[in-house]
Amino acid sequence: MTSATSASVQALLWRDAALQLLDQRLLPAQERYLEARDAGTVARAIADMVVRGAPAIGIAAAYGMVLAARAGADLAAAEAQLAASRPTAVNLHWALARLGRLWRAGADAERLEAEAVRMHAEDLAANRAMGRLGASLIKPGSSVLTHCNTGALATGGHGTALGVIRSAWQEGRLAAVYHTETRPWLQGARLTAWELAREEIPAQMIADGAGAHLMKVRRIDWVIVGADRIAANGDTANKIGTYQLAVAARAHGVRFMVVAPASTFDLQLAGGEAIPIEERDAGELTAFGASAVAPAGTRVYNPVFDVTPAALIDAIVCERGVIEKPDAARVAEVIGRTS
Ligand code: MRU
């Protein structure tokens with residue numbers, strides 16, 4: 001069985017009973033795939049950012065369970081190891097729960113593999129649907145700003161926020177595209193710039209600190225971002241820096257769009273304050289590659305996600321529909337209810 005996506009960039013490939021992960025730490029300098037043949041390798045690849053982006057992490061975890069099942073390994077241990085790889089993206093837990101329900105009901109490795117391949121294809125289809133829905137909110141001649149990387153690299157293909165930008169560009173709606181560099185991992189500079197260049201979508205990068213200034217001196221119609229976890233009231237966790245863009249957007253009359261599949265909603269959490277925020281190593285901020293950029297002993301606080309309150313969000317676009325001015329009732333209408 002082979003994963004059946006047709007996007008131009010493939011972050012994950014399921015081939016000959018092995019998972020090939022495009023090593024995103026090496027982009028754009030090198031396009032090299034890392035092969036995973038066991039769940040432990042997949043868990044390490046997620047933790048080390050070989051594969052990143054909430055939907056892609058979920059799909060990788062699903063294939064990790066398939067690898068464990070095929071090897072006759074301890075599935076509960078594999079599930080626990082994969083679940084612990086990164087804390088914020090709920091897609092990881094959603095994917096593990098979907099596979100976990102099946103194997104606890106007695107499904108064999110072949111059945112789990114079919115389910116993982118289906119999830120992969122469903123994510124691509126969801127992204128295409130969100131692309132169309134999100135693009136329809138964007139008036140022709142608009143300028144947009146995005147943050148982090150939410151493209152084919154972060155998903156099963158096409159992308160969430162970048163998928164909307166891709167669709168809007170194809171429909172001739174965009175006058176200008178801006179993206180941040182996204183310190184410290186540079187997902188914007190390394191990955192979004194690379195995807196946009198491959199698609200021949202003209203864009204300009206800004207320093208992370210330039211967002212508010214950009215909104216003041218140039219016309220920006222929409223800030224468009226992805227999500228790692230959306231609480232029942234619409235509060236949204238995404239890459240660190242998203243919240244300050246939302247505050248700046250509201251201050252400058254710029255609309256703010258979140259694009260995420262239903263698998264990114266965590267209806268168990270009433271609000272964003274309960275979303276676990278990953279903190280990563282100090283070295284991500286004190287060094288740039290192999291070079292130190294801060295004096296030895298510099299103390300660091302390195303949260304890598306933040307939570308944007310629903311009140312600052314104009315629309316959440318998901319494959320099931322558009323949630324305008326999100327709150328608990330509107331989220332429940334489109335996504336469902338917890339009980
Ligand atoms: O740390 P990362 O690169 O995994 O963070 C990714 C993001 O924050 C994305 O915006 C989010 O996962 C949505 S990806 C479609």
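Two strands are taken to pair if DSSP finds at least two bridges between them. Helices (H or I, at least four residues) and strands (E, at least two) are DSSP runs, numbered from the N terminus. The structure is a predicted model, in which local features need pLDDT of at least 70 and side-chain atom pairs count only at pLDDT 80 or more, while totals for chains, interfaces and linings use all residues. Residues are numbered from 1 along each chain as its sequence is written, and side-chain values use heavy atoms, with hydrogens and water left out.

Strand E8 (residues 229-231) pairs with strand E9 (residues 236-239) in the antiparallel sense over 2 bridges; Thr-236 in E9 is the bridge partner of Ile-230. Both strands belong to an open sheet of 4 strands, ordered E11-E8-E9-E14, with mixed pairing. Its edges are strand E11 (265-266) and strand E14 (305-308), each of which pairs on one side only.

E1 and E2 form a hairpin with 2 residues between them, and Asp-16 in the turn has a positive phi of about 50 degrees. The pairing of E1 with E2 is antiparallel, over 4 bridges, and Leu-13 stands opposite Gln-20 in E2.

A nonpolar core is a set of buried (under 20% relative accessible area, 1.4 Å probe, protein chains only) Ala, Val, Leu, Ile, Met, Phe, Trp, Tyr and Cys residues joined through side-chain atoms within 4.5 Å. The largest such core has 40 residues, and those with the most contacts inside it include Leu-12, Leu-19 and Ala-60. Among the elements giving two or more residues to this core are strand E1 (12-15), strand E2 (18-22) and helix H2 (54-70); H2 gives the most, with 13 residues. A second, separate core of 29 residues includes Tyr-178, Ile-220, Val-258 and Phe-265.

Terms used
Buried means under 20% relative accessible area, exposed over 50%, partly exposed in between (1.4 Å probe, protein chains only).
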